[in-house]
Number of protein chains: 2
Amino acid sequence: MKVDGVPYRTIWLGQDGWSVEIIDQTRLPYHFETVRLASVDDAAHAISAMLVRGAPLIGATAAYGMALAMRAGASDATLQAAHDRLLATRPTAVNLRWALDTMAALLRPLNPDARVAAAYREAARICDEDAGICEAIGNNGLALITALHEKKNDRVNLLTHCNAGWLATVDWGTALAPIYKAHDAGIPVHVWVDETRPRNQGAALTAWELGRHGVPHTVIVDNAGGHLMQTGQVDMAITGTDRTSANGDVCNKIGTYLKALAAHDNGVPFYVALPSPTIDWTLPRGSDIPIEERGGDEVSLIAGRGPNGEVVRVQLTPDGSPLGNPAFDVTPARLVTGLVTERGICAASSDVLAGLFPELARAA
Amino acid sequence: MKVDGVPYRTIWLGQDGWSVEIIDQTRLPYHFETVRLASVDDAAHAISAMLVRGAPLIGATAAYGMALAMRAGASDATLQAAHDRLLATRPTAVNLRWALDTMAALLRPLNPDARVAAAYREAARICDEDAGICEAIGNNGLALITALHEKKNDRVNLLTHCNAGWLATVDWGTALAPIYKAHDAGIPVHVWVDETRPRNQGAALTAWELGRHGVPHTVIVDNAGGHLMQTGQVDMAITGTDRTSANGDVCNKIGTYLKALAAHDNGVPFYVALPSPTIDWTLPRGSDIPIEERGGDEVSLIAGRGPNGEVVRVQLTPDGSPLGNPAFDVTPARLVTGLVTERGICAASSDVLAGLFPELARAA
C-alpha cells in the first residue's frame, strides 16, 4: 500500500539486487524508517526484536534470511545453521516454521552452486503468494462494502480491532484489504480503529497505515465500540484472526469477542478476514485453543512519545498491584456473520468451510 | 476505608476544628498526599483541578467550601458569592448544585452570627449521610457475595469497571462497598479491575484503594473481561452508574455495556450499585441520555510514572490521526441482573424501581 503516495511492501529486495529492506515497525507510528538486512543475523534480529511482526511477514523475512545465508555460504551446514538460527527467533510462530521448512526442502536437494538463486526466487515467490492471497481477500471483501454503500448511499463506517493491515503481511493485509480496495475504488469509507490494549497495535499501526494511505479513520479506546454500534455509527465490523478452528470459532486479539457480542446485539455484520493457512483443520472447536497469558508489564507499562520527542515507557498502575494479561480470546462462530477468505466469503460453520476448502479439510 | 491500616474518609475536618482535609487524587496512584483547604478558594480549586472527583465527594467538598466561606465572613453577599464561585467549578455536576442549594437554603434565613456553626454542622451531616447511603448499599450487596461464597465454597471473583469506590464518595463507595463489606467479613474475594481507558480510573484509583485496604485484586485491560467470563473466572460483575433512567437503563463509564453483554452471554450476574439520587425519574429510557463527547487528548495522550519517577504524558497515536472519545454508554435494563440501592436490591424495571422508591417516583 502507499505511504504518503509512494507504494510500499513491508519487505523488498534492495536496489543492489541482494540485500533486503524492511520497515522498522518498532519505530512506528512516530518515525518511518527502513532497515537494510545484509545477513542472516540481520534477518534473525529483525524477527526477534520485532522490527517485523505478523505471521506472513515473519515467514517472508525468514525466507529472505535463508537467501542471505546462502549468499554468504551455501553448504549443507550453513543451510541447517540458518534454519535453526531463524527458527529460534520466535519459536511459537507457525508461519515461521512453515517458511523455513519450505525453503530447506527446496534447497537441500540442490547443488550448493544453485542454492543462492533458488533461495532468492523462492523467497520472492513466498512474498508474492502472500500478497496475492491478501489481495484476493480484499477483492472478495470489497463486495460486502460495495453492497453496504449501495444500500446506504452514504459513507460506510467500519470498525476494526488490532492490526490486520498490510504491516502484518507483505501487502494489503487481511481485515484491511477490503477497506483499501473500497477506498481505492472511490467508495467513501471511514474506519473506527480500536486502540487495542495492551500493545496498542490499533493506535500505533492500523491508524498509521490507514492515515498514510489516506483512508479516513478515527482512533477510539476499546471501550467505545459498543456505544458506536448502539447509536448506528458502525455499518460493519471486520477483524483478522490468529487461528480459526474447523467449525469457524475465531481466536484473535483479546477483546475481539466483546466487539462481536456488541455487533450481534445491534444487528451489525461481523466479518473475519483470513487466509486459509490460519484455519486449523485439526481443531474441532475454538474453546480447545490454549490462550497465551503474557507478561503483566504489557498492562502496567505503556510506551509513547514523551515531551522531548523520545519514546518512553510509563507506569500506569500502583506499585504492587497484580496484573493479568490474556493475549487472545475466542469468538464463537455463532457471532461471526461470515469468513472472508481468498476463495470467497463463507459462513462460519464446519460444513461450509470444508466445502470451500475440500482438499485442506480432507487432508486434516 | 483503610490506607495501609489507617482508617480514612476522602474528606474530613482538620485537627484545628475548622480547616478541611482531602486526599489529592491527582497524585494517585503514585503518591498518597493530603491537602488542607483553608478557604472557599481552596475548595473551589480542589474541585475544578479534580483533586476531588466523584459526584458525592464533589458535593461534600462544596458544602465544606460554603462553611469555609462563612467563617471568613457570613454576610448575604459572601453567601451568594461563595455559592456562585463553587457552582462555576464544574457546572454540569448535578450533585454539586444540589449540595450548594441545600447549604444556601439552610443558611440564608439564619442570622449571620449563626451561619458558621450551622454550615459546618450541615456539611458534616451531608458527609455522614453519603457515607450512610454507601454503607447501606454495601450491606445490601454483601448478601449477593455471601450467597455466591456459600454456593461455591471458594474465593469469589468479582469484576468491576471504572472507579466506584470510596475515593469517589465520602466513604465505602458504591460498587466496591459490598466488596469491602465481604472482605471485612472474612469472605475470600478477588476483584478483576478493568483499567478503564481512556482515563484509567480503574488502574489508577480502584487498584490503589483495593490494594491499600488489602483486598486481593488483579488489574486487566478492558479487553480481557469477556475472555475471563467465558472461562468461568468471574462469579459476578458490579459497577456504579452516573445516571439511571426510570426503567433501569444504566448510563455509566464507556465500556460498561460491553461487560454487561459478556456477562449476559455467559450467565454471569451483572449488578449495578447506585444511591437513589442517581436515578433520574424524569427520564423514561436510557437511550434519551445525551452522551458526552470528550476531548481526543484523553485518547491520544496518557499519563504515567516515567523513568525518573515523575508523572509524564506520552502520545500513543500517530500525529494527525483523528480521535473519538464518547465518555459514557448506556447498558439496557435487560442486561442488568439487579440494582443494589440503599433500600435493597431490585430488578432493573420501572415498576419494581418505583415500588422501592414510591415517594421519589411519584414526585417526578
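Predicted model: local features only at pLDDT ≥ 70, side-chain atom pairs only at ≥ 80, totals over all residues.
Chain A superposes on chain B by a rotation of 180° with 0.0 Å of shift along its axis. The RMSD is 0.0 Å. This is the relation of a two-fold axis.

Chain B contains an open sheet of seven strands. The strand order is S8-S7-S6-S9-S12-S17-S18, and the pairing is mixed. Strand S8 (217–220) and strand S18 (344–346) of chain B form the edges, each pairing on one side only. From one strand to the next, the twist averages 25°. Strand S7 (residues 189–194) of chain B runs parallel to S8(B), with four bridges between them. Within S8(B), B:His217 stands opposite B:Val191.

Helix H5 (residues 112–152) of chain B touches strand S6 (156–160), S7, strand S9 (236–239), strand S12 (270–273), strand S17 (338–341) and S18 of chain B. The direction of H5 makes about 130° with that of S17(B). Helix H9 (residues 256–265) of chain B also packs on the sheet, where H9 touches S6, S7, S9 and S12 of chain B. The direction of H9 makes about 145° with that of S12(B).

Aromatic side chains were examined next. Over all chains, the structure holds 10 aromatic pairs. In chain A, ring pairs join A:Tyr8, A:Trp12, A:Phe32 and A:Trp208 into a cluster.

Terms used. Residues numbered from 1 in each chain as written. Chains lettered and ligands numbered in written order. Heavy atoms only, no water. Phe/Tyr/Trp six-rings, centres within 6.5 Å; stacked < 30°, edge-to-face > 60°. Least-squares fit on C-alpha atoms with pLDDT ≥ 70 in both. Pairing = 2+ DSSP bridges. Helix = DSSP H or I, 4+ residues; strand = E, 2+ residues; numbered from the N terminus. Axes fitted to C-alpha atoms, helices over the stretch in contact; angles between N-to-C directions. Contact = heavy atoms within 4.5 Å.
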